[in-house]
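I am opening a notebook on a structure that is new to me, and I will write down what I look up as I go.

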Amino acid sequence: MDFTISQLSNILKSNNLYIYKSIKLHGFSNFNHYLNTCRVENVKKLLYENDIRKVTLMYIYTESGFSNQSTFNRVFKQIEGVTPSMFITMMKEERNKNDNL
């Protein structure tokens with residue numbers, strides 16, 4: 001799913017340059033970095049909200065705007081520092097630890 005800064009500009013009724021400067025001001029290197037960070041945050045939200053045994057990871061990453069698994073895995077690791085499967089394992093361990101408290 002390709003989403004461009006021009007489409008965002010149209011939605012916000014703003015111009016590309018203003019949005020670009022705002023993205024840079026908030027610490028993102030470019031629009032794609034900002035967009036991918038938003039997508040990864042949505043993946044994490046969906047992982048926490050859903051039982052991973054009942055939904056597929058493919059459903060979660062496509063719902064978040066990633067078009068294929070290799071891109072998703074690469075971007076997720078770049079942003080989070082761990083692979084999606086490692087993140088899910090850590091999330092499950094955290095849930096188990098909290099359930100045992």
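**Entry 1: a threonine.** Where is the place of Thr 83? I looked it up in this predicted model and found Thr 83 in the loop between H5 and H6. I then asked how exposed this residue is, and since its relative accessible area is 23%, Thr 83 is partly exposed. Leaving aside neighbours within four places in sequence, I noted contacts from Thr 83 to Phe 76 and Lys 77. I also looked at Asn 73, which lies 10 residues from Thr 83 along the chain, and the C-alpha atoms of the two are separated by 6.4 Å.

**Entry 2: polar contacts of the threonine.** I followed the side chain of Thr 83 and found that it makes a polar contact with the side chain of Ser 85, at 3.2 Å. The side chain of Thr 83 also reaches the backbone nitrogen of Met 86, at 3.1 Å.

**Entry 3: helix H3.** I turned next to H3, which runs over residues 31-49 and has 19 residues. From its first C-alpha to its last, H3 reaches 27 Å, close to the 27 Å expected at 1.5 Å a residue. At the start of H3, I noted that a side-chain oxygen of Asn 30 comes to within 3.1 Å of the backbone nitrogen of Asn 32. The buried residues of H3 include Phe 31, Leu 35, Arg 39, Val 43, Lys 44 and Leu 47, and what covers the buried residues of this helix includes H1, H2, H4, H5 and H6.

**Entry 4: the cores.** Which residues have the most contacts inside the largest nonpolar core? This core has 15 residues, and I listed Val 43, Leu 47, Ile 60, Phe 66, Phe 72, Phe 76 and Phe 87 as those with the most contacts inside it. H3, H4, H5 and H6 each supply at least two residues of this core, and the largest share, four residues, comes from H3. I looked up Phe 87 by itself and, not counting residues up to four places away in sequence, found that it touches Lys 44, Leu 47, Tyr 48, Phe 76, Glu 80 and Val 82. I also recorded a second, separate core of seven residues, which includes Ile 5, Leu 8, Ile 19 and Leu 35.

How values were computed: Residues numbered from 1 in each chain as written. Predicted model: local features only at pLDDT ≥ 70, side-chain atom pairs only at ≥ 80, totals over all residues. Heavy atoms only, no water. Expected span 1.5 Å × (residues − 1). Buried < 20%, exposed > 50% of the residue type's maximum accessible area, 1.4 Å probe, protein only. Contact = heavy atoms within 4.5 Å. Polar contact = N/O pair within 3.5 Å; in protein donor to acceptor, adjacent residues only side chain to side chain. Core = buried A, V, L, I, M, F, W, Y, C linked by side-chain atoms within 4.5 Å.
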